[in-house]
Amino acid sequence: MSDYSAASRSAGPGAGAAEEASATGGVRLPSAAAAVQAAPVPVEGAGVRERRKALPGWAHGWIVPLLVLAAWELGSALGLVSESALPAPSRIAQAFWSLVASGELARHIGASFVRAGGGFLLGGATGLLLGLFTGLGKWVERTLDPTVQMLRTVPLLAVIPLFILWFGVGEFSKILLISLGAFFPVYFHTFLGVRSADRKLHEVTKALEFSALQQATKLILPSALPNVLLGIRLSVGVSWLLLAVAEMMGASSGIGYLIQDARVYSQTDIVFVGIGLFALVGKLSDSGVRLLEKRWLGWRSSYKG
Amino acid sequence: MLEIESLNKTFAAPSGPVVALRDIRLTVGRGEFVTFIGPSGCGKSTLLKIVAGLDTVYEGSVKLNGERIGGPGIDKGVIFQEPRLFPWLTVEKNVAANLSLRNPEVRKRVGELLELVRLQGFEKAYPRELSGGMAQRVAIARALLRNPDILLLDEPFGALDAFTRSHMQEVLLDIWQRSKTTMLFVTHDLDEAVFLGQRVVVMNPRPGHIRSVLDIDLPYPRSRTGASFQELRALVLGEFEKVEKGPAVDVGAGI
């Protein structure tokens with residue numbers, strides 16, 4: 001009763017205080033009494049602002065996925081989405097744990113890693129070497145680059161049938177397909193990087209009597225490194241993409257096979273587990289390259305990580 | 001000793017050959033400090049490039065210690081307008097460049113030189129952390145580490161502000177007096193030319209040639225405000241203005 005009357009009595013000045021407070025950003029409040037009255041509007045605003053600041057930077061990226069997951073789980077629980085098309089996150093998690101427990105998941109991931117890693121190493125190393133050669137020598141560039149440019153325009157997926165005819169559907173053709181895809185980004189960016197070496201610094205190395213080897217290791221390689229790492233990052237992405245393709249075209253293990261096999265038996269939850277795994281390993285390998293960038297390119301003032 | 005005799009240099013341009021340098025004759029003794037001044041296009045940088053061995057297509061004879069200059073080398077230290085440091089190397093590694101800091105002799109010399117150019121404490125800094133003047137001093141230390149017979153400086157302080165520039169001029173004179181290296185210094189700043197050089201070479205453009213060579217008989221350290229300094233400055237300015245006024249009487253080369 002007394003509360004009610006107090007509120008009604010101060011309704012006028014309270015509203016005024018609220019306006020005043022919001023005009024000054026809700027930071028300064030005219031008086032303690034007004035603060036109680038004006039509490040609902042400006043203080044809540046300040047609270048949200050503080051919470052936003054309190055949230056660490058890395059957590060921001062998780063807001064949207066977590067909201068989507070919550071809505072998804074809720075939708076499944078209420079029967080709004082079909083269980084066979086979009087199984088609940090909790091069911092996907094269950095499927096994940098049972099695959100982990102049976103050891104099957106480790107087997108698939110292992111197989112995929114060998115293929116993607118092998119293909120990436122083979123293609124990346126070839127791309128790096130050829131990129132260095134074509135970058136260093138005009139003659140090599142004139143000889144090799146047109147051919148490479150031509151091959152690049154062929155859609156990789158179009159050569160799969162040829163690979164199957166030549167090498168069957170075994171490991172070799174899978175690794176070869178991945179290495180072919182991993183080759184191009186590293187090749188082009190290494191070439192670009194070598195060519196981006198500063199002409200003025202080149203003059204300095206001549207004046208300081210650098211040997212040919214010193215020029216390569218102390219000028220050209222460091223100059224090319226940012227581009228090379230970019231090429232490697234792109235190439236890692238292509239490797240995972242082609243891994244999925246290769247494993248779906250015929251395999252008995254690997255994440256791609258896991259997905260394909262689950263599709264045949266309409267195990268949508270396992271399909272989701274596979275997709276999630278691809279997302280995870282893709283992100284992890286990308287972060288790995290970024291870590292190298294941070295360590296090796298720390299001298300760049302423009303480096304924004 | 002540097003001997004330049006009947007040096008001619010022609011550039012091929014789309015509109016036909018352009019004479020960049022005509023009949024340059026100059027002798028610079030060991031340990032001498034010579035400054036070159038002239039308007040842009042007078043070929044002073046081209047001349048320096050030829051002495052550095054970075055440009056080997058010319059007529060005439062350019063000899064360092066009796067030997068024809070056939071290419072770049074560590075006996076000719078070059079300081080460009082920009083410091084041209086390796087951005088991925090720290091200061092001390094930039095000075096060492098292709099020499100190993102693991103060699104105790106190199107390490108000791110690098111330390112001494114960084115002290116000479118007043119950069120002790122910045123051994124581990126990266127070029128992007130340095131000011132323009134500091135970076136240029138690293139470049140000077142890098143050249144001096146190779147014990148060059150001659151140091152060629154192409155408008156090295158042109159990009160610096162007035163205070164840093166006059167400080168750097170004093171640092172350079174200090175280095176010169178202590179290292180006794182022959183200095184060829186190209187500039188477009190009249191005060192700088194008179195303040196630094198024992199001789200000032202005034203050059204003419206189109207085609208680039210030497211208009212006159214003036215002795216600056218002032219003891220170091222010089223005072224920029226002294227009467228004799230101002231007198232000599234006016235003398236060089238007079239030559240310089242004759243140059244600026246275009247097709248002056250062709251007096252040919254100075255000695």
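In the predicted model, Lys76(B) is paired with Asp75(B) in a salt bridge, with 3.2 Å between the closest N and O atoms; a salt bridge is here a side-chain nitrogen of Lys or Arg within 4 Å of a carboxyl oxygen of Asp or Glu. Lys76(B) has a relative accessibility of 6% and counts as buried, and Asp75(B), at 29%, counts as partly exposed. These classes rest on relative accessible area (buried under 20%, exposed over 50%, partly exposed in between; 1.4 Å probe, protein chains only). The model is a predicted one, in which local features need pLDDT of at least 70 and side-chain atom pairs count only at pLDDT 80 or more, whereas totals for chains, interfaces and linings use all residues. Residues are numbered from 1 along each chain as its sequence is written, chains are lettered from A and ligands numbered from 1 in the order in which they are written, and side-chain values use heavy atoms, with hydrogens and water left out.

Over all chains, the structure holds 27 salt bridges. One of them joins Arg165(B) and Asp189(B), at 2.7 Å from N to O. Arg165(B) belongs to helix 5 (residues 162-179) of chain B and Asp189(B) to the loop between strand 8 (182-187) and helix 6 (190-196), so this pair ties together parts 24 residues apart in sequence. Helices (H or I, at least four residues) and strands (E, at least two) are DSSP runs, numbered from the N terminus. Asp189(B) is buried, at 19% relative accessibility.

Helix 5 of chain B also carries Glu170(B), whereas Arg224(B) lies in the loop between strand 10 (209-215) and helix 7 (227-244), so that pair ties together parts 54 residues apart in sequence. The closest N and O atoms of the salt bridge between Arg224(B) and Glu170(B) are 3.7 Å apart. Both residues count as partly exposed, Arg224(B) at 26% and Glu170(B) at 44%.

Between the chains, 19 residues of chain B are in contact (heavy atoms within 4.5 Å) with 19 residues of chain A. The two chains bury about 1800 Å² between them, 66% of it on carbon and sulfur atoms; buried area is the accessible area (1.4 Å probe) that two parts lose on being put together, summed over both. Arg84(B), Trp88(B) and Asn98(B) supply 36% of the area that chain B buries against chain A, more than any other three residues. Across this interface the rule finds 3 salt bridges. Lys49(B) forms a salt bridge with Glu203(A), with the closest N and O atoms 3.2 Å apart. A network of salt bridges links Lys200(A), Glu203(A), Lys49(B), Glu82(B) and Arg84(B).
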